[in-house]
Amino acid sequence: MYNYQTEKSKIFTEDGQETFLKIRDKVQQLLKQSGAVMMQNAISGVTGDSWLHLACVDRLVELKEIREITKENVAGQHRVFVAAS
C-alpha cells in the first residue's frame, strides 16, 4: 500500500530527482492548460516506480506548489490538484 512517508526518500536520489522534475514540469503544463490536473494525467507517460510518481505529486503538495481539492475516499489516480496560489 502506498505511503508517502515511506516513499519520500526515493525522491532525493538521482533517479528520483529526474522523475520529480519531469512530473513537476508536466503538472505545471497541465495546470496552465486546464487549471486543474488529475493524478493519472500528472504521472502518465513517466516510466518507472508508480509509488515514486505518487510521492512526487505529494511532494509538490508538501512544497505548496499545488493543493489537492478532492475529498476522502477517492482512488489515488483520481485525486485532483490545482495551483496553490
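A residue counts as buried when its relative accessible area is under 20%, and as exposed when that value is over 50%. By this cut-off Arg59, at 17% relative accessibility, is buried. The structure is a predicted model. Its chain holds 4 helices and 3 strands, and along the sequence these elements follow the pattern α-α-β-α-α-β-β. The radius of gyration is 12 Å, close to the 12 Å that the globule rule gives for 85 residues, so the chain is as compact as a globular protein of that length.

**Overall dimensions and surface**

- Taken along the principal axes, the box filled by the C-alpha atoms of the chain is roughly 30 × 25 × 25 Å.
- Of the 85 residues in the chain, 34% are buried.
- The accessible surface of the chain is about 5,400 Å², and carbon and sulfur atoms account for 50% of that surface.

- The 3 strands make an open sheet, in which the order is E1-E3-E2 and the pairing is antiparallel.
- Strand E1 (37-38) and strand E2 are the edge strands, and each of them pairs on one side only.
- In general, the strands of a sheet pair through backbone hydrogen bonds, in a parallel or an antiparallel way.
- The antiparallel pairing of E1 with E3 runs over 2 bridges. Within this pairing, Met38 has Val80 of E3 as its bridge partner.
- The antiparallel pairing of E2 with E3 runs over 3 bridges. Ile66 stands opposite Ala83, a residue of E3.

**Two buried residues in helices**

- Met39 belongs to helix H3, which covers residues 39-43. Its relative accessibility is 0%, so Met39 counts as buried.
- Leaving aside neighbours within four places in sequence, the contacts of Met39 are Leu54, Val57, Gly76, Gln77, Arg79 and Phe81.
- One of these contacts, Val57, is 18 residues from Met39 along the chain, and the two C-alpha atoms are separated by 7.7 Å.
- Arg59 is part of helix H4, and this residue is buried at 17% relative accessibility.
- Not counting residues up to four places away in sequence, Arg59 touches Tyr4, Lys8, Ile11, Phe12 and Phe20.

**Two loop residues with positive phi**

- Lys64 is not a glycine, yet its phi is positive, at about 65°.
- The loop that contains Lys64 runs between helix H4 (50-62) and strand E2 (66-68).
- The relative accessibility of Lys64 is 66%. This value is over 50%, so Lys64 counts as exposed.
- Asn73 is not a glycine either, and its phi is positive at about 60°.
- Asn73 sits in the loop between E2 and strand E3 (80-83).
- With a relative accessible area of 82%, Asn73 is exposed.

**The segment after E3**

- Ser85 is located in the segment that follows E3.
- The relative accessible area of Ser85 is 93%, so this residue is exposed.
- Ser85 and Glu65 are 20 residues apart along the chain, while their C-alpha atoms are separated by 7.7 Å.

Terms used
Residues are numbered from 1 along each chain as its sequence is written. This is a predicted model: local features need pLDDT of at least 70, side-chain atom pairs count only at pLDDT 80 or more; totals for chains, interfaces and linings use all residues. Side-chain values use heavy atoms; hydrogens and water are left out. The radius of gyration is taken over C-alpha atoms; the globule rule is 2.2 Å times the number of residues to the power 0.38. Buried means under 20% relative accessible area, exposed over 50%, partly exposed in between (1.4 Å probe, protein chains only). Accessible areas come from the Shrake-Rupley method with a 1.4 Å probe; for residues, only the protein chains shown count as cover. Contact means heavy atoms within 4.5 Å. Two strands pair if DSSP finds at least two bridges between them.
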